[in-house]
Amino acid sequence: MKMDFAKNGWVVRPVGSRVTCDPAPKDTDEDYLVFSVDELEAETHLTDQGFKLEGLPGFYTGNDNGRFRSYRRGELNVIVTPEFEFFERFMTATALAKRFNLARKEDRIALFQAILYGVGEGDLQS
């Protein structure tokens with residue numbers, strides 16, 4: 001499925017294990033990170049294309065650090081944030097996961113939790 005984000009002026013980057021792992025897994029979602037200052041426009045555009053709101057920060061982290069919303073349609077997962085700092089941290093975590101070729105999902109989760117939410121050593125998932 002092709003996504004048309006360009007017309008909205010959003011910054012869109014592929015992320016997730018299909019990007020960070022070598023070899024890329026074939027049985028996972030196709031993930032995209034979107035920076036859009038207009039959250040309502042993004043939500044409207046995605047729901048008009050059949051995406052359903054799947055999660056908010058508290059769902060993934062137990063807190064509301066880092067404003068984002070996650071939308072899903074089939075195997076497509078789109079993470080939208082209006083905060084450029086969060087977008088940059090997410091891309092940094094993606095680059096590091098790719099550099100270290102973190103094949104274990106638990107390792108990727110721990111890395112992202114530390115970079116995005118400042119989760120300390122004692123609270124990292126193992």
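A: Rings of Phe, Tyr and Trp (its six-membered ring) count as a pair if their centres lie within 6.5 Å; planes under 30 degrees apart are called stacked, over 60 edge-to-face, and the rest tilted. Before we dig in: this is a predicted model, where local features need pLDDT of at least 70, side-chain atom pairs count only at pLDDT 80 or more, and totals for chains, interfaces and linings use all residues. Residues are numbered from 1 along each chain as its sequence is written, and side-chain values use heavy atoms, with hydrogens and water left out.

By the ring rule, there are seven aromatic pairs. One of them joins Phe 86 and Phe 90, a tilted pair with 6.1 Å centre to centre and 50° between the planes. These two sit four residues apart in helix 4 (residues 84–99), so about one helical turn separates them; helices here are DSSP runs of H or I, at least four residues, numbered from the N terminus. Phe 86 is buried, at 1% relative accessible area, and Phe 90 is buried too, at 9% (buried means under 20%, exposed over 50%, partly exposed in between, with a 1.4 Å probe and protein chains only).

Phe 86 also pairs with Tyr 117: the ring centres are 6.4 Å apart and the planes at 45°, so that pair is tilted. Phe 86 lies in helix 4 and Tyr 117 in helix 5 (residues 105–117), so the pair ties together parts 31 residues apart in sequence. Tyr 117 is buried, as is Phe 86.
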